[in-house]
Amino acid sequence: MKVSENLARINEKIEKACQRAGRSRGDVEIIAVTKYVTTERAKEALEAGIQHLGENRDDGLLAKYEALGNRPVWHFIGTLQTRKVKNIIDKVSYIHSLDRLSLAEEIEKRAAKLDKEINCFIQVNVSGEESKHGMAPGQVADFVRKLKEFPHIRVVGLMTMAPLTEDQDVIRRTFRGLKQLQQDIESLHLDYAPCRELSMGMSNDFEIAVEEGATFVRIGTALVG
Ligand SMILES: *Cc1c(COP(=O)(O)O)cnc(C)c1O
């Protein structure tokens with residue numbers, strides 16, 4: 001399938017989900033997750049009109065960055081080892097997986113050297129599955145307060161992954177939980193943590209995510225796979 005055909009189908013589904021939820025289509029950005037595919041395929045996504053690319057490994061990001069440079073807006077969406085931060089920090093605009101203080105310290109140190117502000121999502125383990133990365137919901141507010149000491153980190157929002165299940169209610173509840181928490185953090189009115197964005201929804205659950213308020217959906221398989 002051409003990326004443009006996949007994109008047309010996905011756009012239609014997002015449009016309809018927005019209508020069901022009384023949201024504006026302009027409030028939802030698609031991140032094409034290119035971790036499984038070639039640079040050529042990533043380029044095809046850009047040509048189809050995608051502006052945001054997401055990678056979950058530093059080597060994958062580096063390989064594609066070499067070919068595509070700053071043409072896309074780069075998102076780092078995967079678990080990030082502290083020692084890998086230096087490899088990606090000059091290339092990405094967004095990190096979706098901030099989930100611990102040691103990682104924040106490293107991002108701050110590296111971003112300060114570049115005099116660059118990094119947009120970060122706090123990754124939250126809303127569903128509480130043991131296998132999932134991310135911070136427990138109850139820890140997020142305290143963590144965000146601590147980030148005041150990190151002037152190169154801007155907390156733009158929260159990110160989660162729903163459980164792999166056919167049960168739509170479980171998925172919906174996860175996204176709804178993230179939205180609730182996002183509103184709690186936003187209402188703290190911290191200038192370094194506007195926290196207006198919600199990064200949630202993948203190939204098999206992005207429509208539910210959009211209905212529940214996603215502002216960034218991260219789509220791999222259904223778009224470029
Ligand atoms: C791989 C990945 C995605 C995209 O997954 P698909 O199911 O292929 O759409 C989204 N978010 C994260 C964090 C990922 O690792």
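## Ligand site

In this predicted model, an N or O atom in the side chain of Lys 35 lies 2.6 Å from an oxygen atom of the ligand. For Ser 203, a polar side-chain atom is found 2.5 Å from a ligand oxygen atom. For Thr 221, an N or O atom of the side chain is 2.5 Å from an oxygen atom of the ligand. Of the 390 Å² of accessible area that the ligand has on its own, the protein covers 91%.

The residues around the ligand include Lys 35, Ser 203 and Thr 221. Also among them are Val 33, Tyr 36, Ile 77, Met 159, Met 161 and Met 202, together with Arg 218, Ile 219 and Gly 220.

## Thr 160

Thr 160 is located in the loop that runs between strand S6 (153-159) and helix H7 (168-186). Is this residue, Thr 160, buried or exposed? With a relative accessible area of 1%, Thr 160 is buried, because the limit for that class is under 20%.

A polar atom of the Thr 160 side chain lies 2.7 Å from the backbone oxygen of Val 124. Leaving out residues up to four places away in sequence, Thr 160 touches Val 124, Val 126, Thr 174, Phe 175, Leu 178, Ser 199, Met 200 and Arg 218. Arg 218, one of these contacts of Thr 160, is also one of the residues around the ligand.

## Aromatic cluster

The model contains 4 aromatic pairs. In one of them, the ring centres of Tyr 94 and Phe 121 are 6.2 Å apart and the planes stand at 35 degrees, so this pair is classed as tilted. Tyr 94 belongs to strand S4 (residues 94-98) and Phe 121 to strand S5 (residues 118-123); the pair therefore ties together parts that are 27 residues apart in sequence.

Tyr 94 also pairs with Phe 216: the ring centres are 5.5 Å apart and the planes lie at 55 degrees, so this pair is likewise tilted. Here the link is between distant parts of the chain, with Tyr 94 in strand S4 and Phe 216 in strand S8 (residues 216-219), 122 residues apart. Tyr 94, Phe 121 and Phe 216 form one aromatic cluster. Their relative accessibilities place each residue in the buried class: Tyr 94 has 16%, Phe 121 has 0% and Phe 216 has 4%.

## Charge over a ring

Tyr 65 takes part in a contact of another kind. The charged end of Lys 91 sits over the Tyr 65 ring, at 5.6 Å from the ring centre.

## Arg 23

Arg 23 is placed in the loop between helix H1 (3-21) and strand S1 (29-33).

Apart from neighbours within four places in sequence, Arg 23 is in contact with Cys 18, Val 28, Val 210, Gly 213, Ala 214 and Thr 215. Gly 213 lies 190 residues from Arg 23 along the chain, and the C-alpha atoms of these two residues are separated by 8.2 Å.

Technical notes. Residues are numbered from 1 along each chain as its sequence is written. This is a predicted model: local features need pLDDT of at least 70, side-chain atom pairs count only at pLDDT 80 or more; totals for chains, interfaces and linings use all residues. Side-chain values use heavy atoms; hydrogens and water are left out. Rings of Phe, Tyr and Trp (its six-membered ring) pair if their centres lie within 6.5 Å; planes under 30 degrees apart count as stacked, over 60 as edge-to-face and the rest as tilted. Helices (H or I, at least four residues) and strands (E, at least two) are DSSP runs, numbered from the N terminus. Buried means under 20% relative accessible area, exposed over 50%, partly exposed in between (1.4 Å probe, protein chains only). A charge sits over a ring if NZ of Lys or CZ of Arg is within 6 Å of the ring centre and within 35 degrees of the ring normal. Contact means heavy atoms within 4.5 Å. A residue is near a molecule or strand if one of its heavy atoms lies within 4 Å of it. A polar contact is a pair of N or O atoms within 3.5 Å; within protein, one must be able to donate a hydrogen and the other to accept it, and residues adjacent in sequence count only if both atoms are side-chain atoms. Accessible areas come from the Shrake-Rupley method with a 1.4 Å probe; for residues, only the protein chains shown count as cover.
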